[in-house]
Structures are given as C-alpha cells and as structure tokens.
Amino acid sequence: IHIGLQKTGTTSLQFILNAEKLLTFPLDPVKNIKTKKNIFYSSGNQEFFYQCKRNNLKEIYFKDPSKKDIIISCENFSNPEDNLKSLRNLLNYLTKKVKKKFIIICTYRADKDYFKSMYAEAITNSFVCEMRLFSEYKKYLMDHIKKLNNLLEYYPVEKFFYDKDINSKIFKYLSGYDLVDKKLLTNKKNSNYSFEIKDLEKIAKINRIKGWLPQYRFELRSNYKNDQLKASFLYILLTYLRSVFRLIKS
C-alpha cells in the first residue's frame with residue numbers, strides 16, 4: 001500500500017505502475033479539470049480511497065488470482081485533508097476483519113523542502129485555495145506528520161527518502177526488477193512566477209478576498225498548472241468557506 005507522502009514523486013510513480021499494469025486499480029479519470037496536452041495530476045486509486053473513507057470495503061478488493069501481490073497507490077491516504085480517517089479504516093479492515101498481510105510504503109522528504117512544496121501546491125491549487133500564512137500551515141503539517149508517524153508505528157512500513165531516483169527504487173522494491181524506461185513524468189511549475197515564501201503568502205492573502213470567484217479560481221490554477229478548473233460555483237463557494245474556517249481556526 002503506497003500512501004505517499006505527497007510531493008515525493010507520487011504522480012510519476014503511479015503512471016509508471018499503471019503503464020506496467022502493476023496497479024490493482026487503474027488510475028481514475030480526472031473530474032472537473034480541463035487538461036492541456038493530456039497531462040493531469042493524479043492521486044492514484046481514488047475510487048478505492050473513497051471506499052475506504054466510507055468504510056465500505058470488501059474482501060474481493062484484495063484478491064487477484066493472476067498476481068502474487070496486490071499493489072495500491074494513493075497519496076490521499078497521507079493527505080492531511082483526510083486526517084488519516086481512510087487509512088485507519090483500511091488498516092483496521094486488513095488487520096481485524098480479513099487478516100491480510102501487507103506492507104505500507106511511505107516516502108519522506110526533508111522537512112524544509114516538504115513544507116515549502118506542500119505550501120506552494122496548496123496556495124496555487126484552486127481546489128484547495130489555501131489562505132493561511134506559511135507559519136500556520138507549517139504547524140498544521142507538522143501536527144499531521146506526527147499523527148501519521150504515531151499510526152505507522154503499529155504496522156509494517158518500508159520507508160523511502162526522496163531523491164532523483166526515488167521512483168526507480170520504489171519500482172524495483174515492488175516489482176523485483178529494474179525500471180527500463182527512465183523517462184519519468186514530472187509536474188513542472190510555471191517559471192514565470194516566484195515560489196518564495198513571501199510571494200506565496202501574498203497569493204494566500206489574495207485567496208482570502210477573491211477565492212469565492214469562479215474566474216479567479218480558474219486563473220489561479222491555469223497560471224501555475226497545465227490545466228484548468230471547471231467546477232461549479234457551489235463547489236467553489238463551499239471550498240472557499242472551508243478555507244476561511246481554517247484561517248479563523250488558526
């Protein structure tokens with residue numbers, strides 16, 4: 001069970017596993033996003049993730065007579081947005097109901113780089129529309145990682161550390177053979193914009209004021225990503241209110 005962390009090459013790894021037909025569940029189609037050049041930002045097996053979130057799991061999900069192992073990849077299991085609810089449901093199901101053997105694969109990244117990369121993603125991602133200052137967001141992530149590590153202490157975990165060859169290492173661990181094609185998918189940011197903390201915080205402040213406007217969200221994503229948000233006004237308003245609540249709570 002590959003759970004991320006986010007911003008550690010997860011999308012690229014999922015495309016590799018999917019291309020090699022190693023994923024138990026195929027990558028889910030992207031919803032509410034218009035893509036350019038067929039590039040999109042996957043979170044892996046989202047439908048399976050939602051089954052875990054709803055605690056609606058079935059033993060058939062973990063059986064495949066044609067394969068020795070079941071491989072699942074979804075970084076939302078370690079996404080702070082979920083507060084580990086789905087991961088707990090999955091682990092409880094595997095250990096207490098069906099008693100299946102499993103290994104959790106988790107990739108870590110140097111704190112400084114991880115916090116900054118996650119903040120840049122949250123600020124410029126119109127599905128999140130983050131409004132908090134970096135210090136508050138960093139504290140939020142630190143608390144989350146602490147909870148995740150406490151949870152993982154009770155289960156078999158194979159830890160990796162982020163570097164340029166991270167996906168080749170994980171691929172070999174999962175498959176037992178070397179990755180032949182070295183071309184890995186990468187999500188490239190727009191180099192016309194600064195990704196320094198002070199500049200990201202300026203965007204966060206604008207998000208507080210304009211985050212409820214559909215056109216602003218559309219431009220926010222298209223400026224920093226190779227795709228465009230196409231969500232309903234109600235969805236945008238609800239996510240804006242969620243972001244405001246987090247800002248007030250902080």
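**Close-up 1. Contact residues of α2 and α3 in the predicted model.** From α2, Phe-48, Phe-49, Cys-52 and Lys-53 take part. They meet Lys-85, Ser-86, Asn-89 and Leu-90 of α3. By class, the contact has four nonpolar, two polar and two charged residues.

**Close-up 2. Packing geometry of α2 and α3.** Two numbers describe a packed helix pair: the angle between the axes and the distance between the axes. Here α2 spans residues 46–53 and α3 spans residues 85–97. The angle is about 80°. The axes lie 8 Å apart. Angles of 65 to 115 degrees count as roughly perpendicular, so α2 is roughly perpendicular to α3.

**Close-up 3. Salt bridge between Glu-59 and Lys-100.** The side chains meet with an N to O distance of 4.0 Å. The pair links distant parts of the chain, 41 residues apart. Glu-59 sits in the loop between α2 and α3. Lys-100 sits in the loop between α3 and β2, a strand covering 104–108. Glu-59 has a relative accessible area of 34%. For Lys-100 the value is 28%.

**Close-up 4. Salt bridge between Glu-130 and Arg-132.** The closest N and O atoms of this pair are 2.7 Å apart. Are the two residues buried or exposed? Glu-130 is buried, and Arg-132 is buried too.

**Close-up 5. Salt bridge between Lys-169 and Asp-163.** The closest N and O atoms are 2.6 Å apart. Lys-169 is partly exposed, at 41% relative accessibility. Asp-163 is partly exposed as well, at 29%.

**Close-up 6. A salt-bridge network of Glu-81, Arg-242 and Arg-246.** Salt bridges with shared partners join these three residues into one network. The count of salt bridges comes to 14.

**Overview. Setting of the close-ups in the whole protein.** The secondary structure comes to nine helices and four strands. From the N terminus, the elements run α-β-α-α-β-α-α-β-α-α-α-β-α. Of the 250 residues, 45% count as buried. Take the contacts between residues at least 6 apart in sequence: 75% of these join residues at least 24 apart. The accessible surface comes to about 14000 Å². Carbon and sulfur atoms account for 53% of that surface.

Definitions and conventions. Residues numbered from 1 in each chain as written. Predicted model: local features only at pLDDT ≥ 70, side-chain atom pairs only at ≥ 80, totals over all residues. Heavy atoms only, no water. Axes fitted to C-alpha atoms, helices over the stretch in contact; angles between N-to-C directions. Helix = DSSP H or I, 4+ residues; strand = E, 2+ residues; numbered from the N terminus. Parallel < 35°, antiparallel > 145°, perpendicular 65-115°, else oblique. Contact = heavy atoms within 4.5 Å. Nonpolar A, V, L, I, M, F, W, Y, C, P; charged D, E, K, R; others polar. Buried < 20%, exposed > 50% of the residue type's maximum accessible area, 1.4 Å probe, protein only. Areas by Shrake-Rupley, 256 points an atom, 1.4 Å probe, with all protein chains shown as cover.
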